[in-house]
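Good morning, colleagues. Please have the sequence and the structure before you.

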Amino acid sequence: MANLYEQTQSEIEPLDLRFSENELEARVAHLTDFIAAQVDAADVDGALIALSGGIDSTATAHLAVEALGADAVHGLLLPKEVNEDANMSDAERVARELGITYDVLEIDSIVDEILETYDAEPDDDSEGRWEGRYVGNTSARVRMILNYLVANYENKLVLGTGNRAELGTGYVTKFGDGGVDCNPLGNLYKQQVRQVAAHLEVDESLVQKTPTGGMVDYDTDEEEFGVDYDTLDAILALHIDGGVPAAATARLTDTSTDELEHIVEMHEQSEHKRTPPATPEPL
């Protein structure tokens, strides 16, 4: 993989978090061992992965095949009307190239029926909140239900696809895409996911693909963050995970105070997504 770094990105700014070649090989081995151990501990027949056509689910699928073999991995495509056809095409391409079985289950009619059971008529002030929070989260939870329906039927473990940047900012739906049995990519920043994917010989077009949420009719993940993924990775690594002061982090990442505060706020407000439901202490 002499062209590994060129494939993932010619230059990483503002902070290069990629592994050395030795570290990368060790990390990939660690991740595949993790998946195999989780499947073995659960005493199941393999793993199920929701394929979106994005780099996270693609990298997870490649790792699962490395760990378990193609016969033990099943893909599930769960398109919604807002999903671009290109994304679903990429998801099918990944499944075919890996040689794994997969199903395509449309979710729009299920989501619509659920929303119609609660007859909400959002006014102009609440329309954006309705679309983003209720429709998007309901869509994610429908996908989770279908993931577990198929996984239970096939006696498989549900592998999550969330990376460290998404989990650290709460860019995940509780009991939706956050509802999984384990998260192999959970400690990898986005640029590290791209690096792992390139190492596993994922096509460059998928490694460099712009991420989208696929829940409601928004354009990209980065629009919601307010910064690009490389900057988000850097803010998380320096300030939130590393304890570098906010002012220094803003200078090092060339971000404004407002941009930095927005990421910090996302992290703080999403703490409940990273911890078990609260229970009172026993008396």
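I begin with a pairing: Ala-47 has Leu-157 in strand β4 as its bridge partner. Strand β4 (residues 157-158) runs parallel to β1, and two bridges join them. Helices (H or I, at least four residues) and strands (E, at least two) are DSSP runs, numbered from the N terminus; two strands pair if DSSP finds at least two bridges between them.

As to sources, this is a predicted model, in which local features need pLDDT of at least 70, side-chain atom pairs count only at pLDDT 80 or more, and totals for chains, interfaces and linings use all residues. Residues are numbered from 1 along each chain as its sequence is written, and side-chain values use heavy atoms, with hydrogens and water left out.

Strand β1 (residues 47-50) also pairs in the parallel sense with strand β2 (residues 73-77), over four bridges. There, Leu-48 has His-74 in β2 as its bridge partner.

Let us now turn to helix α2. This helix covers residues 21-42, 22 residues in total. Which of its residues are buried? They are Leu-24, Val-28, Leu-31, Thr-32, Ile-35 and Val-39, where buried means under 20% relative accessible area, exposed over 50%, and partly exposed in between (1.4 Å probe, protein chains only). Seen down the axis of α2, these buried residues fall within an arc of 90°, so they line one face of the helix; the arc is that of the directions from the helix axis to the C-beta atoms. On the other side of α2, Asn-22, His-30, Asp-33, Asp-40 and Ala-41 are exposed. Just after α2, Asp-43 takes a positive phi of about 55°.

Terms used: The expected span of a helix is 1.5 Å times one less than its number of residues.
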